[in-house]
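Here is a short tour of a protein complex, written to be read with the model open beside you.

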Amino acid sequence: MPSLLFEQGAPGRGNTFVANPGAPSRYLDASLLRSELPLPDHAEIEVARHFTELSHRNFSVDTNFYPLGSCTMKYNPKLNEAVAAFPGFTDLHPFAPDAGAQGALHLLWDMERSLSALFGMTEFSLMPAAGAHGEITAMLMAKKYFTQTGQGARNLCLVPDTAHGTNPASAAMVGYRVVSIPSTSRGRTDVAALKSKLDGATAVCMMTNPNTLGLFEDDIIDITKAVHAAGGLMYYDGANANAIVGLVRPGDMGFDLLHLNLHKTFSVPHGGGGPGSGPVGANAKLAKYLPKPIVIRNGDGSFALNWERASSIGPVRGFWSHFLAVVRAYAYIIVHGEEGLRRNSQLAVLNANYVRAKIKDVLTVPYDDFCRHEFVCSAETLKKETGVRALDLAKGLLDAGIHAPTMYWPHVVPECLMIEPTETETRETLDNFSATIHALVKQAHDDPTSMAELPLHTPVRRVDEAHVGRQANKGIGLRWQPK
Amino acid sequence: MAQPTDRLYTKEHEWVKIDGANAVVGITDYAQSSLGDIVYVEMPKPGVAVERGKPVGVVESVKAVSDIYAPVSGTIVEVNAAVEEDQTKVNSDPYGEGWLVKLKLADADKTGLMDAGAYEELVKSL
Amino acid sequence: MYTPHTDDEIRAMLAEIGAPSLEVLSSPPRGLEIKESLGLPPALPEAEAYAHLKALADKNDAARKISFLGAGAYRHYQPPAVPWFAMRSEFLTAYTPYQAEASQGSLQAIFEWQTYVCLLTGMDVSNASLYDGATALVEGVIMAMHANGRKRVLVSQAVHPMYRAVLATYAAGMGLEVIEMPYNAAGVTDLSRGADHARGASCVVVQSPNFFGCIEDVAASSKLAHDDDAVSISVTAEALSLGVLKTPRESGADIALGEAQSFGLPVGYGGPYVGFIASTKEHVRRLPGRLVGETTDVDGRRAFVLTLQGREQHIRRELATSNICTNQALCALIATVYLATVGATGLRSIATTNLRRARELSDALTSITGFSRAFATPVFNEFCLRTPVPAEQLVKALERRGILAGLPLSRFYPELTHHLLICATELTTSDDIRHLNSALAEETSRAVAVV
């Protein structure tokens, strides 16, 4: 079992990185200096073994299948890694003069144009660092739009009950009241219920399409028309864009604002929880509120950062973009082109329907329609029959080297499992997943109490979350402490 | 666990035990069981006035956070220090040692409160 | 490109699904389908794509020039061990560690990051990282707001202008009142002016070293805050300075936050970087984003797990402490591997080398006629040079000579026309300093001659 870095090392170990500069007190008065620096010193071999060993205790796309609904865990191409490591990109300072950054600016501009075309928007900002960051950016834009058009009193945000938690959280951050709209038995947002909530206070309606049940909101035109008629704006959460790239555009559906997740749809690796990139797109009405600076192309063909955006909400990040993440997404787009991107979306939908067809005999699939790039199923019946829950199935998958699907969300489906295979998985992988699900369901019937013991073969088994939660609330257990 | 008959209940799964001008408040067995292992309890401090039906605090478990609504109107007199130290009491003894706050009643209004039998019916229907 | 399906497989899969074609399965309702070409260039084969991107990278000649730019993004030595281990596939292509059993690698690494941040800042608790220093400031201000319910923020004008601009963006949407404290002739915050407005402030925010490179009196700023029961926030844009300077905790700060790009992350045209936030124990429940805690599994093994998720968006939704979902896990990992690789000894010597190089640079440049230090306050690795001709003009002239001389401060402070923000790090060589020295001397004697 790996020890912590702070339980290893010894003073003085480590390489010599610089010529000895002497003590800090040669340059600064002692009153400005810290009294001690209680970090460990490690020999490089300790660092090597420590992090290599840690890496062996992780699932990853390069080692495991992740059928995680709404996360789009597709393969992360290594071409993207190679180009993102070019010194011409990594060594470029954000305050470099525009004339010396023409390659980077050209890439950003190309990216912005491509995304605008793909999603039916007028302009994009590549500034936001992640999806949630893109969401709050869009909310700030909406708020400014209403303030500037004398409608600052509008403060109602409509969100389907299947929405991702970041949606209401982002809306609340700008002071919007959040109203949840129920879903129908067909798994779509209840249009009548939504319309009944529209009034002069309506600011934004946040939706994703297909929704988090994996179903296309067929009434989307009806919805966007109604929201616009009430004076509200439509915001598209791009988490499920992998079902639609090259097939249909949010702009054509009537959305005014959207965010994308480059680390989902555009193959940028998840990195264990970031960094991502969450570009925000806007239509002609709202483009002027996008964060600044924006990349523009001058008359002479050169590229520049433009700060002359009088109506911009301002910057939302310290610098211009998660550039090295955008480089990866750009590489992904240029090797695919429109045709390739469309085909990816189609095959993502194929793979999801394939898995759905193969497991619907053992887990309840609550909606009859074909799904898009993801689908939900329920272990509620299994729970009633055997006491075994979705959580136990998920832990059983880990033993088979398969990451658990998204669980217990959306809340409209009890004991929910949300499954999104993505388009880069082979048929063999999908067949193996289905077979594993069948085996686990069988085990649930044959030997239900054994399921609570799973997983058995992972580096650690089920952890005591209650204990750490109690400690953490007191500020304990969140870091190593010296004795 | 059968619901104790010496107290009243709300549909938000709180209980209130009234004794003259004072009351003790906690959450029911159904609530603690739904939440799972409780890791944090936050209640208003002594001296704070609370209004019936309004959220006054939270009880948090590993997977969920539950707002606690005041079942009656009054002023907080005491917060259960033992529970602040050890939240497991709310799970193991929700009607006894797991009480949350004691308060001084502002009025005798019992709107929204039901007896043990009615609450039992409610829980059965869920 | 990366989809493995053969035509036969597609046919067989469609048959099992019971759908006639890919189009039927995936097309949108009639009327919504894309009708014409979107105008994207045709797909490039991989080798051509590689060449195309190489050409774009090569066009960035500023990446190859001698650079004295800092201003919130710092050129430091990246030990090769750092990307070698941090960019391993098992870290790079992993998902957020929601399933503890499948993510002990990522979780332990974050726990170690949290520990490093606490040790460097002197704080009790830290989170799993934030997007960057600017958004970390926003999150810190929100924490203070939740702590005392007040909506007025007192922030120094010497805090990084982009950080203040991001704060202003959020403040407009969140109804916060931001009041700026001016800087004085010494290049540090004029706290006496701040005292006028301190009454009723939620927090007092200073950056040290500040945007001018000057080391601030954070203890005085903390006192100003505490005298009115406000929260003291200390911002760090150049994390390497934490290797030698007094910690925010030692200076009485309640919340320490900032940017950790200096710990092994490339400047990368602005990102991704990694923000940190840490606080005293009292504020733990207000910390935004992810937190990793230590516990045990059913067999008694030590295990790490995401905790206090009750604060986060996926549980609390509109009542979350923040909307933040992702952290910057891989960037925090790069920083963690960096700190493990250099250790206390390496960090201290690298940081001291920065002090040394800045001293050499300052001595060399102030020896040129017409150049002086704008502010007398001690600095870490960045300082403000007073120039005999407008700094913008000088910087442009030096660009033509292949040198990025620094940032003209008039860019963000219109009144500072003859002020150049210039940075030296352990990568700055004596040759670099010599080149800059002679270039500046030549340019100014020429400019003076013209005048």
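Predicted model: local features only at pLDDT ≥ 70, side-chain atom pairs only at ≥ 80, totals over all residues.

The term stands for a side-chain nitrogen of Lys or Arg within 4 Å of a carboxyl oxygen of Asp or Glu. As background, side chains of opposite charge can pair when their charged atoms come close. Between chain C and chain A the count is 6 salt bridges.

Which helix of chain C gives the most to the side that touches chain A? That is helix 12 (residues 329–366), with 23 residues. Helices (H or I, at least four residues) and strands (E, at least two) are DSSP runs, numbered from the N terminus.

The side of chain C that touches chain A divides into 97 nonpolar, 50 polar and 33 charged residues. Here Ala, Val, Leu, Ile, Met, Phe, Trp, Tyr, Cys and Pro count as nonpolar, Asp, Glu, Lys and Arg as charged, and the others, Gly among them, as polar.

## How much the two chains bury

In contact terms (heavy atoms within 4.5 Å), 180 residues of chain C meet 194 residues of chain A. About 16100 Å² is buried between chain C and chain A, and carbon and sulfur atoms give 65% of that area. Buried area is the accessible area (1.4 Å probe) that two parts lose on being put together, summed over both. Of the area that chain C buries against chain A, C:Y2, C:E101 and C:Y269 supply 6%, more than any other three residues.

## Two domains within chain C

How many salt bridges are counted between domain 1 and domain 2 of chain C? The count is 0, while 10 residue pairs are in polar contact, both at pLDDT 80 or more.

## Chain A and some backbone details

Chain A is assigned domain 1 (5–55), domain 2 (79–335) and domain 3 (341–466). The C-alpha centres of its domain 1 and domain 3 lie 46 Å apart.

Over all chains the count comes to 55 salt bridges. One of them joins the side chains of A:R188 and A:D218 at 3.0 Å, N to O. A:R188 lies in the loop between strand 3 (177–181) and helix 7 (191–196) of chain A, and A:D218 in the loop between strand 4 (202–207) and helix 8 (220–229), so the pair ties together parts that are 30 residues apart in sequence.

The loop between strand 4 and helix 8 of chain A also holds A:P210, and the peptide bond from A:N209 to A:P210 is cis, with omega near 0 degrees. In chain C, a cis peptide bond joins C:S208 and C:P209, with omega about -10 degrees; C:P209 sits in the loop between strand 5 (203–207) and helix 10 (218–226). A:T422, a residue other than glycine, has a positive phi near 70 degrees and is found in the loop between strand 12 (416–419) and helix 13 (427–446) of chain A.

## Confidence and conventions

Chain C averages a pLDDT of 94, and 95% of its residues score at least 70; pLDDT is the predictor's confidence in each residue, from 0 to 100. The complex receives an ipTM of 0.97 and a pTM of 0.96 from the predictor.

Residues are numbered from 1 along each chain as its sequence is written, and chains are lettered from A and ligands numbered from 1 in the order in which they are written. Local features need pLDDT of at least 70, side-chain atom pairs count only at pLDDT 80 or more, and totals for chains, interfaces and linings use all residues, while side-chain values use heavy atoms, with hydrogens and water left out.

Methods: Polar contact = N/O pair within 3.5 Å; in protein donor to acceptor, adjacent residues only side chain to side chain. Domains from an automatic or database assignment.
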